[in-house]
There are 2 protein chains.
Amino acid sequence: MGVDYTAPVGVFDSGVGGLTVTREIMRHLPNEHVVYFGDTARVPYGSKSKDNIIRYSRQIIRFLQTKGVKAIVIACNTASALALDVVRQEVDIPVIGVVIPGARAAVKATENKKIGVIGTEATVQSGMYTKIMQKMDPEVSVIGKACPLFVPLVEEGFAKHKVTGEIIDYYLDSMRTSEIDSLILGCTHYPLLRSRIMDYMGDKIHLVNPAYETAMDLKHLLKEKDMVNDAITGEHATYSFYVSDVADKFKQFANSILPYDIEITQQINIEEY
Amino acid sequence: MGVDYTAPVGVFDSGVGGLTVTREIMRHLPNEHVVYFGDTARVPYGSKSKDNIIRYSRQIIRFLQTKGVKAIVIACNTASALALDVVRQEVDIPVIGVVIPGARAAVKATENKKIGVIGTEATVQSGMYTKIMQKMDPEVSVIGKACPLFVPLVEEGFAKHKVTGEIIDYYLDSMRTSEIDSLILGCTHYPLLRSRIMDYMGDKIHLVNPAYETAMDLKHLLKEKDMVNDAITGEHATYSFYVSDVADKFKQFANSILPYDIEITQQINIEEY
C-alpha cells in the first residue's frame with residue numbers, strides 16, 4: 001500500500017509555541033499541507049507529569065490520524081522529551097520531535113564541546129537534550145537553565161518590552177559568563193525571543209533553533225520516504241488549525257507570527273480521542 | 001439529619017492561588033479542618049471556556065464530597081465568576097465563591113463609587129465583579145484591567161524582584177491616574193503582590209483582598225448554619241492537600257506562603273470524578 005503523498009503533515013504542541021515550527025515548515029516546505037493541533041485546554045505541559053504528557057500525546061495523535069496525516073511532528077520540547085520514544089512505536093506513520101534535530105545541530109555547531117540548553121523546567125529537568133547529545137558525542141558537556149517566565153512574556157506580547165531584557169539577564173547571566181559556545185533554544189516559544197537573546201549573549205555564541213532544524217529534518221524524512229507533496233498547484237498549501245479550548249487568543253497570536261492569516265480555528269474536545 | 005460540624009471545609013482552586021484563601025481561613029477560623037484541592041493538571045483556568053470551567057468545578061466538587069466536606073469555598077476568581085451560579089444549585093451543602101465577598105467589601109469601602117478590578121483576562125472580561133457590584137449599588141462605576149503576567153511572576157518567585165515593579169507600572173499606570181478610590185485584587189495570587197501594589201497605588205486607594213473577605217464570609221456562614229467546629233482540641237486543625245498533577249512544586253509554593261508546613265500532598269486523577 002502506497003502512502004498518499006498529498007496528505008497533510010500533522011503538527012502539535014501544548015499551545016501556540018509549536019507555531020514557530022509550523023512557520024519554518026511553511027517557509028521551507030511550502031508544498032506541504034499542515035494540520036496543526038494546539039492543546040490550549042491543557043497548556044502548559046512544562047509543569048505536568050510524564051504519564052499525563054504521554055496520555056495527552058496519544059489522544060492528539062489519534063485525533064491527527066482522523067485527519068489522514070502522513071507524518072507527525074511533535075512541535076513541543078516537553079512532549080518530545082517525555083513522550084516521543086513511547087508514541088512513535090505505537091503508530092505506523094513517522095513521528096519526529098524537536099529535541100533530536102536541535103541536539104544534532106548543537107553537537108555539529110559546537111567547537112569547544114560546551115553547550116547550553118534553555119527551556120521549561122520539565123525539559124531541563126528531564127536532561128533529555130544532555131542524554132541525546134552525549135550519545136552523539138560523549139565528550140560534550142551541557143549546562144541547562146529553566147527560564148519559566150519566557151513563555152508568558154512571549155504570549156502576553158512582551159517580546160520587545162524592556163522588562164524582558166532584565167528577565168533575560170536574570171536567567172542567562174550565568175550562561176553568558178560560562179564557557180559555552182552554543183545555546184539551544186529548547187522551548188518552541190523561544191525563537192520569538194531569538195534576537196533579544198542573541199543581543200544579550202553576543203555573537204560568539206551560536207544559537208540553535210530547533211524549530212528550524214526540525215523543519216529541515218522533516219524535509220529529509222519526506223524525501224527519504226518518498227512522501228514529498230509535488231502535486232500542489234496554486235498559491236500555497238492549506239493549513240488547518242485545531243485547538244482544545246477557546247480559539248480567539250490562539251488565532252490572534254498565530255496571526256501575529258505566521259506569514260498567512262488564519263481564517264478558521266476549530267475547537268474540538270480532545271478528551272474524546 | 002444534622003450536619004457533622006466537625007467535618008472539614010473544602011477549598012479548591014485551579015492551582016496554588018487558592019492557598020491565599022486557605023491562609024486566611026487558617027488565620028481567622030483556626031478550628032476548621034480544611035481539604036484543599038489544586039487542579040494543577042489543568043491550570044490556568046483564566047484562558048479556558050465557561051463550559052470547561054463548569055465541568056472542572058463539578059468534578060472537583062464530587063471529589064471534595066468524597067472527603068465529607070460540610071461546605072465548599074471556590075477559591076478561584078475564574079471559577080467563582082463562571083461556575084458558582086450553576087454548581088451551587090446542584091449540591092446540598094453551601095458553596096461560596098470569592099467574587100461576591102470581594103464585591104461587597106469594595107462597594108462598602110468606596111466613597112466616590114469608582115472601583116477598579118484587576119484579575120485574569122477571563123475574570124475581567126466576564127464583567128462579573130461589575131455586574132455584582134452594580135446590582136449591590138447601581139451608581140458604582142468599574143474599571144477593569146487584566147494583568148496576565150502577575151500569576152507567573154508570583155509563581156516563579158519574582159514577587160519581590162525589581163522587574164515586578166516595572167510590570168506593575170505597565171499594567172496599573174492607567175489605574176493609578178484614574179479616579180478610583182478602591183481596587184479589588186481579583187485573582188487569588190494577587191494578595192502575594194499586595195504590598196508592592198499598595199506601594200505603587202499609594203495609600204489613598206483602598207485595596208480589597210477577596211481572600212480575606214471570603215474567610216470572613218465563611219465564618220458568618222458557618223455560624224449562621226450552626227456548623228462551627230467547636231470540638232477541636234490540641235494544636236491546630238488538620239489540613240489535607242490534593243492536586244491533579246505532580247505535587248513537588250505545589251508543596252514548595254505552599255510551604256513558602258502558609259503558616260504550617262505541608263507534609264503530604266496527594267495526587268489524584270480528577271478526570272475520574
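What covers the buried residues of α8(B)? Hold that thought for a moment, everyone.

First, some ground rules. This is a predicted model, where local features need pLDDT of at least 70, side-chain atom pairs count only at pLDDT 80 or more, and totals for chains, interfaces and linings use all residues. Residues are numbered from 1 along each chain as its sequence is written, chains are lettered from A and ligands numbered from 1 in the order in which they are written, and side-chain values use heavy atoms, with hydrogens and water left out.

Now, back to helix α8 of chain B, residues 162–176. Helices here are DSSP runs of H or I with at least four residues, strands are E runs of at least two, and both are numbered from the N terminus. This helix bends by about 45 degrees at B:Tyr170, the angle between axes fitted to the seven residues ending there and the seven starting there. Its buried residues (under 20% relative accessible area, 1.4 Å probe, protein chains only) include B:Val163, B:Ile167 and B:Tyr171. And the cover? It includes α8 of chain A, along with β5, β6, α7, β7 and α9 of chain B.

That takes us to the interface. Chain A and chain B each bring 31 residues to the contact, meaning heavy atoms within 4.5 Å. Four salt bridges cross it, each a side-chain nitrogen of Lys or Arg within 4 Å of a carboxyl oxygen of Asp or Glu. One pairs A:Glu121 with B:Lys249, their closest N and O atoms 3.7 Å apart. On chain A's side, α2, α7 and α8 each give two or more residues, and α8(A) has the largest share, six residues.

Definitions and conventions
Buried means under 20% relative accessible area, exposed over 50%, partly exposed in between (1.4 Å probe, protein chains only).
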